[in-house]
Amino acid sequence: QHALQEKGIRCVTGDTTNLLETEEIATVQAIMQVIDNPLQDIPMVAALTSRVCGFTAEDLAKLRCSNKYKGVYDLLCDATDSKCTSFLATLNKLRKLARISTVTELLSAIYTNISVISTYSAMPDGANRANNLQAFFQIVADFEATGPKDLRRFLDYLDTAKERGLSGAANQQDKGAVTIMS
């Protein structure tokens, strides 16, 4: 596979990974859920503690110690440290964009503003992760191709798709690519 890629020949393998269960796609989905509704603590914590947002358990503990009754989003809004204010500024920018753009435009902005592709591409298996992120982008584009759809409808679609399983980038039909079967 690496030899083909070095020669500029696109190739895919027979990988059967559920795309929605990969770390990079789960992170993007959590970020999309937070953009749709920041009051959801579980997706918020998943997004914050992801590689792209970089909050540590200690960061979250400091937030929680400030008020044990508030939700994570409210705690972030009350926080004054630069990590929290920077995250909130990005989140607010993406939330505004979500109201006026297509889901593909939003996803492109997520990839850019949160450095999703560059972060996951820098990992040891980065090429596969980048392929998964591109496959996810294509899923969003295909979803929108049937007519105008908003973020909430796409998240509902993902919930349904999670039950069926979406194959990884390698299983997506990639015309013009060599398929490695073993």
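What follows is a short chat about a few spots in this model.

Visitor: Before we start, how are residues numbered, and what kind of model is this?

Guide: Residues are numbered from 1 along each chain as its sequence is written, and side-chain values use heavy atoms, with hydrogens and water left out. Local features need pLDDT of at least 70, side-chain atom pairs count only at pLDDT 80 or more, and totals for chains, interfaces and linings use all residues, as this is a predicted model.

Visitor: Is Thr22 buried or exposed?

Guide: Thr22 sits in the loop between strand E1 (11-13) and H2; helices (H or I, at least four residues) and strands (E, at least two) are DSSP runs, numbered from the N terminus. A polar atom of its side chain lies 2.8 Å from the backbone oxygen of Leu19. Buried means under 20% relative accessible area, exposed over 50%, partly exposed in between (1.4 Å probe, protein chains only). With a relative accessible area of 9%, Thr22 is therefore buried.

Visitor: And how does Ser115 count?

Guide: Ser115 is in the loop between helix H7 (103-113) and helix H8 (116-121). Though not a glycine, Ser115 has a positive phi of about 55 degrees. Its relative accessibility is 32%, so Ser115 counts as partly exposed.

Visitor: Which residues is Met44 in contact with, leaving aside neighbours within four places in sequence?

Guide: Contact means heavy atoms within 4.5 Å. With those neighbours within four places in sequence left aside, the partners of Met44 are Val34, Pro38, Val72, Tyr73, Leu76, Phe87 and Leu91.

Key. A polar contact is a pair of N or O atoms within 3.5 Å; within protein, one must be able to donate a hydrogen and the other to accept it, and residues adjacent in sequence count only if both atoms are side-chain atoms.
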